[in-house]
Amino acid sequence: MEMNFESLKKEILSQLPIKNTDSSIPGFYAMDDATALGKNRVDAASALVFKNILFYLGLIFRYPTEQIYSEIETRLDTFTDFFVDYGGAAPQLPPIEELQSEYIRLFVNNQGFVPAMPYASCYQSEGLLMSDQFYRLRQIMVKSGFMVNETVKELEDHIAILLEFCAGLLNQLASGQASSGKSSGACVAALMEVSYLYIEPMMDAFCDRIHAYAYDDFYKIAGKTLKSLMQDADTIYDQLLGFRIHSINELQG
Amino acid sequence: MNNKIMSRRKFLGLSTGAVAGALFGPHLNLLMAAPEGTFDYSILPKGKREYIASNCDMCVNKCGIIGEVVNGKLHKINPNPKNVKSRGMLCAKGNAGAAIPYSPDRLKTPLLRTGKRGEGKWKEISWDEAFKYVAKNLADLKQKYENRSSVAFASTEGFQEEFYYYLVNSFGSLNTVRHTTLCLSTNIQGWSSVFGSFPDADLANAEYVIMLGSDRAQALITPDSVDFQRYKPKGQKLIVLDPRFTETGAKADRWYPIKPRTDQGFVLAMLHVIISENLYDREFVETYTHGFDELKEMVKEYTPEWAEKKCEIPADDIRQIAREFADHAPRSVIYPGRRSSFYSHEVYVRQTFAILAAVCGCWDTKGAVVPKASIPLTTHEIMFPFFGQTMDRVDKDAVNLVKDVVPSAVQCPMIGTGLPNDSCAFLSEKDGSWVTFREAVLKDDPYPVRGFFCFKQNPVQAVPNVQKTMKMLEKMDFICVIEQQMSDTAWYADIVLPHSTYLESWDPAHSLGGIWPIVEMRQPVIKPLFDTKTMFEISGGIIHEMLKIPSLWDDIEPSDLEDFKKNVVEDILDKPIQDYIKHQLSKYPGAYEQLLKEGFYTVDGGKPVYGTTRKPGFLFKSKTGKIELFNERYKEFGLFPLPKYCEPLKPQDPGEYRFLVGRNAWNTHTSTQNNPYLWEIQKENSVWLNTGEAKKLGIADGEYVRIKSKIGEQRIKAYVTEKIRPDCVFYVNGYGMKSPGMSRVYKSGASEAEIIDDVLDTISGGVCMHETFVTINKA
Ligand code: SF4
């Protein structure tokens, strides 16, 4: 069984205190019973940790301008244990010029093709940008109160933006910004959708390609870390939000 | 849940004080708060559908398209049934254009090289930095070489190309080189030597059509390919001469596997029959032509029996075709076609075709070849400065320049008797010639060229003899490429500037000449993705930075500089491009609005235009003002004034085959093979090899072979077939890419640039892609 919107929804609904299987409902973020999703206790401390992890990973998968590079460098020690745990090693940051050229070669433009396309759409249907699901993502984002900064010329389903979006949602949950039952539920629903329908489906190919094409270990470890983390998302969300979604593998199995 | 996962969960909860405390400032955010009403929810999930008219840019034809846009995304490209040039056609490439803006491989932001050339190390820079960097390099080159022509500018045709020339002219180099000599320069020169212009063929109304080497069913040209398909079944008679049994040949009434490069002999024999049997149009010849007597004298020796020995077509058939052609005149077409970069002396071949049309009066009337009519647009009165430090074209008078690129077998019998032997006699000032230009740059003769700009052209793949092109690039101090994809040429650049796709940009109006003249322009079908710009914006950005560097303007009069700032920069480049387009169309009220609505504009409802030159006293663009069967300017230049028969090159060794290259209907040269939809149609090319020859060589259909010329070697699958003459082999271009990154076509099939010798036509400067001989062996 493939994880799609319907199966994800079914999975979540099965764990809700009230049952609603009306398949005409377009998305959790708009569901009346999103309130129910927000009723579970949120482990705010863990949510903040996870938020920071995702935000930091988001920085790593952004083009390393001097500012971003310096931010990655400054925080690297803080996240070393995390990388060791999930990626098997502590990444060594190469000089900025090396990192920039490696980033462009892997994720932006290479001679003829991009080895590890950082866009979720590229791992859906035709392998092109802006798949049909792309617009749904844009809608979820806006409904959740986010949009891509007008000065940023990037697509919403770039992995760095997806990670930052998840971090933003976690922040809302942890900080109590989404405190009312319904908005908290919508926030959880958005998090689930982005994690399971956009990030997780691209993980295998994206991270494996990084591993196959990267010259330097930095992105290899970052890719491996991201992949392991998403494999673990089920249990992490269980801890943070009080319910778990079966991983794709389990569902397929 | 396994232990590992458990340990990670603990990590999240228990041991992460520093991680929990990490604070990231808002300045790092890619996301911002979405203001209320940011997104129109009503458009989902049902979708908002729009239809936007524009024009295809997947090849030169510019067919009318209607972009079907759903929720801001291009869902599909539809043909425009009203467009009088494309007649409602949209080919596979045109359809596949829908993938272009959404290709993850497209260039997204300006890139500056940080490693060695070709090493693939880049950094992202902003457009402001890019413009400054380019302007500074131009200033440095000018300073160092004291010659603006030390920077060369290559480009290919396209609606934005005119803005590239704003940059060229603002810098002041005379070294420009375009794709024409890789394609149809010999054709233009040959037909123009007779009629003073290059005509179209009225295939919609012709009764009798002869196509020599043109494959209109595969190499699509509008409206010809459509008319050929549509009218052939309605009684039109079609004769095809081609060493291959092509798709066009399959539709013909008669197909002849003519011996390569003997087409001229076939047509000379037709002329012999038509003139000796008085089948020509005496009135037309007397009224409009010059040099008939000389022609009559020359063709006496070219009997059908003589031609049969040359082209291996029975003399009786030649006679019959000649009589039928004359019988159907003026509704007979000897088809000009398009690409003619085939053989040395190709200009004479095309001149012969044109003469046949002229003596039969098959000119400028229904069903004949017809000069292109056009809808004149209003041009901006621009005076670019006249710079002091500008030397003439590098390939203008370079003595002995062509010596090394014309095979000795062609040179020896011809020198002094028909072909120039030092430079190209009729080199177009704007188009230049890729081969002579590159030769001059490699020799630093007469001066060094050390800067190279390239706009949407990929000479590394497109120009024969890739090794020489690479050497040329190595000589450059500075290379700037403006492209949509990281092409093989862009890969060797110092800076790569990403150009918006044709579906995202405003392109100026263009008058497309033809029997059915039309004006087209482009409007954005979708909003641009990423940080790309059009050439209009790029030229404007670079020129603004150039204006900040005084040394770039020290060889012009201050008043010229002020005029330039006013007329070019303020009045054009600083204004919206829509103003430019409206000015172009100012003679035609309502045209701009119609272009927005329909994507094209015509006058008189798009009726065909015939007979503009069929008026006594009309002055053709020739020395005598007449249609010149005997070319007076050629005589002045020491060339054959009449197209005397030139023998073809022969293979040096037994076992060599003449290499032919062509294309299919689903690819445009070297630019589309990596497109996901088109790649589905054909994943690699294969070499056509005659069945008998394959048997001799012990090669089976589908087996891999090595094809080797004196330039290089390629590995390719054999297609063993009766559909090709035994003395030729053939494959389509665009495969076997040099770049490992051309994921789909890297090492799939063979590249032609790797094996084609850079033989030159010395009249037009065109390359001769069918003058390479190869051997074939099992791989
Ligand atoms: S022939 Fe095909 S590729 Fe060329 S312009 Fe027309 S539709 Fe586009």
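Read along the sequence, chain A goes α-α-α-α-α-α-β-α-α-α-α-α, which comes to 11 helices and 1 strand. Helices (H or I, at least four residues) and strands (E, at least two) are DSSP runs, numbered from the N terminus. This is a predicted model: local features need pLDDT of at least 70 and side-chain atom pairs count only at pLDDT 80 or more, while totals for chains, interfaces and linings use all residues. Residues are numbered from 1 along each chain as its sequence is written, chains are lettered from A and ligands numbered from 1 in the order in which they are written, and side-chain values use heavy atoms, leaving out hydrogens and water.

Of the 253 residues of chain A, 64% count as buried (under 20% relative accessible area; exposed is over 50%, partly exposed in between, with a 1.4 Å probe and protein chains only). Among chain A contacts (heavy atoms within 4.5 Å) with a separation of 6 or more, 68% join residues 24 or more positions apart.

**The cores**

A nonpolar core is a set of buried Ala, Val, Leu, Ile, Met, Phe, Trp, Tyr and Cys residues joined through side-chain atoms within 4.5 Å. The largest one here has 170 residues, and the members touching the most others are Phe61(A), Phe107(A), Phe206(A), Leu226(A), Phe452(B) and Ile707(B). Helix α8 (residues 181-213) of chain A gives the largest share, 15 residues. This core lies between domain 1 and domain 3 of chain B, because both give residues to it. Apart from it lies another core, of 72 residues, including Val194(B) and Leu356(B).

Back in chain A, what does Phe107(A) contact, leaving aside neighbours within four places in sequence? The list is Phe61(A), Val114(A), Ala116(A), Pro118(A), Phe206(A), Ile210(A) and Tyr219(A).

**Domains of chain B**

The bounds come from an automatic or database domain assignment.

| Domain of chain B | Residues |
|---|---|
| Domain 1 | 111-175 + 383-494 + 532-592 |
| Domain 2 | 185-373 + 613-636 |
| Domain 3 | 657-758 |

The C-alpha centres of domain 2 and domain 3 of chain B lie 30 Å apart. Across that pair, 14 residues of domain 2 of chain B are in contact with 15 residues of domain 3 of chain B. Together they bury about 1,300 Å², 55% of it on carbon and sulfur atoms; buried area is the accessible area (1.4 Å probe) that two parts lose on being put together, summed over both.

**A sheet in chain B**

Four strands of chain B form an open, parallel sheet in the order β12-β11-β10-β14; strands pair if DSSP finds at least two bridges between them. At the edges sit β12 (254-256) and β14 (332-334) of chain B, each pairing on one side only. The twist averages 10° from one strand to the next, with axes fitted to C-alpha atoms (for helices, over the stretch in contact) and angles running from 0 to 180 degrees between N-to-C directions. Strand β10 (residues 208-212) of chain B is joined to β14(B) by 3 bridges, and Tyr208(B) stands opposite Ser332(B). Helix α9 (residues 263-276) of chain B packs on the sheet, its direction making about 150° with that of β10(B).

**Two buried spots**

Helix α5 (residues 161-171) of chain B is largely enclosed by the rest of the structure, because 9 of its 11 residues are buried. Just after α5(B), Gly172(B) takes a positive phi of about 100°.

Asn80(B) lies in the loop between β4 (73-79) and α3 (92-96) of chain B. Is Asn80(B) buried or exposed? At 2% relative accessibility, Asn80(B) counts as buried.
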